[in-house]
Each structure stands twice: as C-alpha cells, then as structure tokens.
Amino acid sequence: MVKRIIVGMSGASGVIYGIRTLLHLRSMPEVQSHLVLSEGARITIPIETDYKVDEVIALADVVYRQDNLAAAISSGSFQTDGMMVMPCSIKSLSAIANSYSDNLLARAADVCLKEKRKLALVVRETPLHKGHLELLIKAADLGAMILPPMPAFYPQPETIEDVIDHTIGKAFDYFELPHTLFRRWGEKPD
C-alpha cells in the first residue's frame, strides 16, 4: 500500500531539509510525495541552494500551488499519512498553531491535526523568544511533533548532508519509513 506524505516547504532558512527529504522519498517506491511550496520557499531555494524551483518541483510526485485551497490535501476526506513542514518558518508555525488556514500549507497542516494524522514541524529559527515557544507548545498540544533541526554528533557526521539527513531520518522514524540515513545509537561505524 502506498503512503501519501505531504511535504510543505516554507520560506525559513533551511530549504535544503525539504529538498533532501524529497530526494530521499523519491527512492521509496512505497511513498507518494505531495509538495506545497510557499512563496517564501520559492524565493529562498535559489538563495540558499544551487537548485532551481522547477528542479525541486520535479522531485515530488504531486505538486500543489500554495493558493489552491481546493486541492485534494485541503480535505480530510483525502487520506494521507501526514505532513512534514521542512523547514517551518515562524509565520507558518503561527498559522498552524492558530488554525489560520489562509494558504494551502497551513490548511494541509490543519487537516492533519483535525484528522489526528502525523504532523512534523521542522522549525528553523534561532534564537526563540517566548512568543515562539508559546506557539511551539500550542502546536504540540494540538498534536504536532516539534522537530527542530538540531545536529546530533553520536553518528559522527562527516558532511553537512550527514547532519541534514539525521533530522530527516528522525522525521522518517516518526512516519515509520524505513531508512539508513544515520547510524543509530550503539551501532558500530562501517
């Protein structure tokens, strides 16, 4: 059975997390990726990476415009296995935590919460002030998993991709997607 995973990319720094997520999902024939790019993500992609927006779009199985509130993923009757917002800006976090669904990224996340589906928010902001922390608590209370991209060093990363993939692997664990993106605690290095 195919899993449908929504990948939302907001305009926060760290769009490479979403791009590498799509790259890894492409290698999983049992997963169908559904992509929503915010306008901010479209601006950030060429600033932070060598990718063109069209190249990122081509990595997904299904792509939706952010302003298309009639898209399949805006309805709870369209079954998905959940959503990863990678990266999640504070603006998107605020919209999600406050059920302010004025765009498809926020609406798809809201659908995941109301339908009790998995929602991982890879919040990319630092430092955080009290308002940010309150939004994180509110989103967690609603059922979201808060997964900031914090590096772990027990896998002994050798490249920036290793650091990025560790966070993606943690999200894949949450969605029960088998992977070998990082060496787990207690495993011996190759």
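How many helices and strands does the chain have? I counted seven helices and six strands, where helices are DSSP runs of H or I with at least four residues and strands are runs of E with at least two, numbered from the N terminus.

**Basis of the entries**

I note that this is a predicted model, in which local features need pLDDT of at least 70 and side-chain atom pairs count only at pLDDT 80 or more, while totals for chains, interfaces and linings use all residues. Residues are numbered from 1 along each chain as its sequence is written, and side-chain values use heavy atoms, with hydrogens and water left out.

**Overall form**

I read the order of elements from the N terminus as β-α-β-α-α-β-β-α-α-β-α-β-α. The radius of gyration is 16 Å, close to the 16 Å of the globule rule for 190 residues, so the chain is as compact as a globular protein of that length. For this entry the radius is taken over C-alpha atoms, and the rule is 2.2 Å times the number of residues to the power 0.38. Along the principal axes, the C-alpha trace spans about 50 × 40 × 35 Å.

I then looked up burial, with buried meaning under 20% relative accessible area, exposed over 50%, and partly exposed in between (1.4 Å probe, protein chains only). Buried residues account for 50% of the 190 residues. The chain exposes about 9,600 Å², and carbon and sulfur atoms supply 53% of that area; the areas come from the Shrake-Rupley method with a 1.4 Å probe, and for residues only the protein chains shown count as cover.

For contacts I used heavy atoms within 4.5 Å. Among contacts between residues at least 6 apart in sequence, 76% join residues at least 24 apart.

I also recorded the charges, with Lys and Arg as positive, Asp and Glu as negative, and His and the chain ends not counted. There are 20 positive and 23 negative side chains, and the centres of the two sets lie 5 Å apart. Each charge is placed at NZ of Lys, CZ of Arg, CG of Asp or CD of Glu.

**Cysteines**

A disulfide is a covalent bond between the sulfur atoms of two cysteines. With the criterion of a pair of cysteine sulfur atoms within 2.5 Å, I found zero disulfides. Cys88 is in no disulfide, and its nearest cysteine sulfur, that of Cys112, is 13 Å away. Seen from Cys112, the closest cysteine sulfur is in Cys88, and 13 Å is too far for a bond. Is Cys88 buried or exposed? Cys88 is buried at 0% relative accessibility, and Cys112 is buried with a relative accessible area of 1%.

**Helix 4 and what follows**

I next examined helix 4 (residues 90–97), which is largely enclosed by the rest of the structure because six of its eight residues are buried. Those buried residues are Ile90, Ser92, Leu93, Ala95, Ile96 and Ala97. Their cover includes strand 4 (82–88), helix 5 (104–114), strand 5 (118–123) and helix 6 (130–142).

Ser99 follows helix 4 and is found in the loop between helix 4 and helix 5. Although Ser99 is not a glycine, its phi is positive, about 55 degrees. Ser99 counts as partly exposed, at 45% relative accessibility.

Which residues does Asp110 touch, not counting those up to four places away in sequence? Asp110 touches Ser99 and Ser101. I located Asp110 in helix 5, where it counts as buried at 15% relative accessibility. The C-alpha atoms of Asp110 and Ala95 are separated by 9.0 Å, the two residues being 15 apart along the chain.

**Backbone entries**

I noted a cis peptide bond from Met86 to Pro87, with omega near -5 degrees; Pro87 is found in strand 4. Another entry is the cis peptide bond joining Thr126 and Pro127, with omega about -5 degrees. Pro127 lies in the loop between strand 5 and helix 6.

Where does Gln156 lie? I found Gln156 in the loop between strand 6 (145–146) and helix 7 (160–174). Its phi is near 55 degrees, a positive value in a residue other than glycine. Gln156 is exposed, with a relative accessible area of 52%. Leaving out residues up to four places away in sequence, Gln156 touches Arg183 and Pro189. The C-alpha atoms of Gln156 and Phe182, 26 residues apart along the chain, are separated by 9.2 Å.
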